[in-house]
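User: I would like to go through this structure and ask how each label was reached. Please set each value against its cut-off.

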Amino acid sequence: MGNLKTKELDKIGFTGDALKSLAINTVARYYKHSNKADVLALLTAVRDNPAAYTGDDRLQKIAEAFIQGEAEPASKTFKLMDEPAPIKIYGTDEIEEIAKKQMALALSLPISIRGALMPDAHSGYGLPIGGVLATRNAVIPYGVGIDIGCRMALTIIDAEEKFIKRYDHQIKQAIGKWTHFGMEGSLAVPQYDEVLDNSLFNETPLLKKLHGKVVQQLGTSGGGNHFVEFGVIELAENNTTGLPAKTYMALLTHSGSRGLGANIARHYTQVAMNTCKLPREAQPLAWLDLDTEAGQEYWLSMTLAGNYAKACHDRIHSNLLKALGLKALCKIENHHNFAWKDKLTDGTEAIIHRKGATPAHVGELGIIPGSMATPAYLVMGKGNADALYSASHGAGRAMSRHDARGSTTKSAMKKMLAGADVTLIDGSIEENPAAYKDIELVMQAQTELVAIQGKFWPRIVRMNKE
């Protein structure tokens, strides 16, 4: 066989210099006596289905290059639509223009069907935070976000508020031992959940590589606005939890899928950008067709990350309740950085991305937090079709983290929290209550979307250390 030419490799999607070099060296070593047409067909097959060749000693490195996004598979260029798809905005006066422009850009994608903007919305990367987008058979990794499966979990406890006052020292000790925040580190006691044994961790090189981190980080929380809070919840009359309308002690947590979700998001965003070419301003919104191998891989990986985020919350709640001898009466939880397969009211099948938005189908329970010093709300969805069956995921930031840092001092924040009867174990000025929108106004803007079932007030809070 004659030498492979770089132009021949370009034609079959081997476009990176490193990949071309790898292909040429592999062919020279193992296939120098083979017919060139057969070799090109074999390389094309590896490009189209790299997972099938990860066990092949000769072709494994080429296959892994495609899987890990080092190679640039055949790409397709798309134009934006002249007119954006329709949108419904809730609480429009409180939403910054840049978030609205980001949503309009997302609605100009040729895969977009319709969108909604929640009242806590603010600018983000790709979709704005608080953006909800329905697409046709395609998933946008940055429409889901970096912290895949970021979620809320609320346990209503068989105890009253006086437990918090009487055993505040023990509660602080338990939180210190059984929670961990930040990028690195783990709990002192190894944790287990059946998600660690999920066979998907053996399905792709990326997931296989991340398994060690997944084991280490189980039961921990991230930075930023992630938190663990003990407080009290007042349930409304005729609420749908099945519990009597009175005040209970409760545990509320906010966290996601840790390093697992972040690595999945970055990897598949790069794969999407390599294959889905858009105008520069829209490139972060590159998507994966769900009929492709990459699209199916992302979907399975996203689902796994969501299950892992749930497992982290489960461990936190189980550990804390056991340490304090408390009994759970009811647990409510929901994702708010995820994509779901759903149907619109006209029967259209869609992928609904909620980047910082709470699912709110008819009768569906969810949690909408305020800040470390303001209430969170237990809500039931009304299934509003214009909102794509969604609601806000919190109060939403009123200031950037940078501006929040310069807006107050530690002593002023301490005074603000004391006035709200809140004890802060660890936390950052970036998360001070003034950095967030007024949760009451946000709730008023979405009365068409959810019905309030209960109101939670934080009492003892831990977040990532300054």
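Analyst: Of the contacts (heavy atoms within 4.5 Å) in the protein chain between residues at least 6 apart in sequence, 76% join residues at least 24 apart. This is a predicted model, in which local features need pLDDT of at least 70 and side-chain atom pairs count only at pLDDT 80 or more, while totals for chains, interfaces and linings use all residues. Residues are numbered from 1 along each chain as its sequence is written, and side-chain values use heavy atoms, with hydrogens and water left out.

User: How do you know that the radius of gyration of the protein chain agrees with a compact globule?

Analyst: The radius is taken over C-alpha atoms, and the globule rule is 2.2 Å times the number of residues to the power 0.38. For 466 residues the rule gives a value near 23 Å, and the protein chain has 24 Å, so the two agree. Along its principal axes the C-alpha trace spans about 85 × 50 × 45 Å.

User: How many helices and strands are in the protein chain, and what makes a run count as one?

Analyst: The chain has 14 helices and 19 strands. Both are DSSP runs numbered from the N terminus: helices are H or I with at least four residues, strands are E with at least two.

User: What span should helix 2 have, and what is the distance between its end C-alpha atoms?

Analyst: The expected span is 1.5 Å times one less than the number of residues. Helix 2 (residues 17-30) has 14 residues and should span 20 Å; its end C-alpha atoms are 20 Å apart, so the value agrees.

User: Which residues of helix 2 are buried, and why are they said to be on the same side?

Analyst: Buried means under 20% relative accessible area, exposed over 50%, and partly exposed in between (1.4 Å probe, protein chains only). L19, K20, A23, T26 and V27 are buried in helix 2. They cover an arc of only 135° around the axis, so they lie on the same side of helix 2; the arc is that of the directions from the helix axis to the C-beta atoms. The buried residues pack against helix 1 (6-11), helix 3 (36-48) and helix 4 (60-67). On the face turned away from the buried side are the exposed residues D17, A18 and R29.

User: Why is the pair of F78 and W287 called tilted?

Analyst: Rings of Phe, Tyr and Trp (its six-membered ring) pair if their centres lie within 6.5 Å; planes under 30 degrees apart count as stacked, over 60 as edge-to-face and the rest as tilted. By this rule there are 6 aromatic pairs. The ring centres of F78 and W287 are 4.6 Å apart and the planes are at 55°, so this pair is tilted. F78 has 21% relative accessibility and so counts as partly exposed, whereas W287, at 7%, counts as buried.

User: What kind of aromatic pair do Y125 and Y142 form?

Analyst: Y125 and Y142 form an edge-to-face pair, with 4.6 Å centre to centre and 80° between the planes. Y125, at 43% relative accessibility, counts as partly exposed; Y142, at 14%, is buried.

User: Where does the charged end of K341 sit?

Analyst: The charged end of K341 sits over the ring of W299, 5.2 Å from its centre. The rule asks for NZ of Lys or CZ of Arg within 6 Å of the ring centre and within 35 degrees of the ring normal. R354 lies over the face of W340, 4.8 Å from the ring centre.
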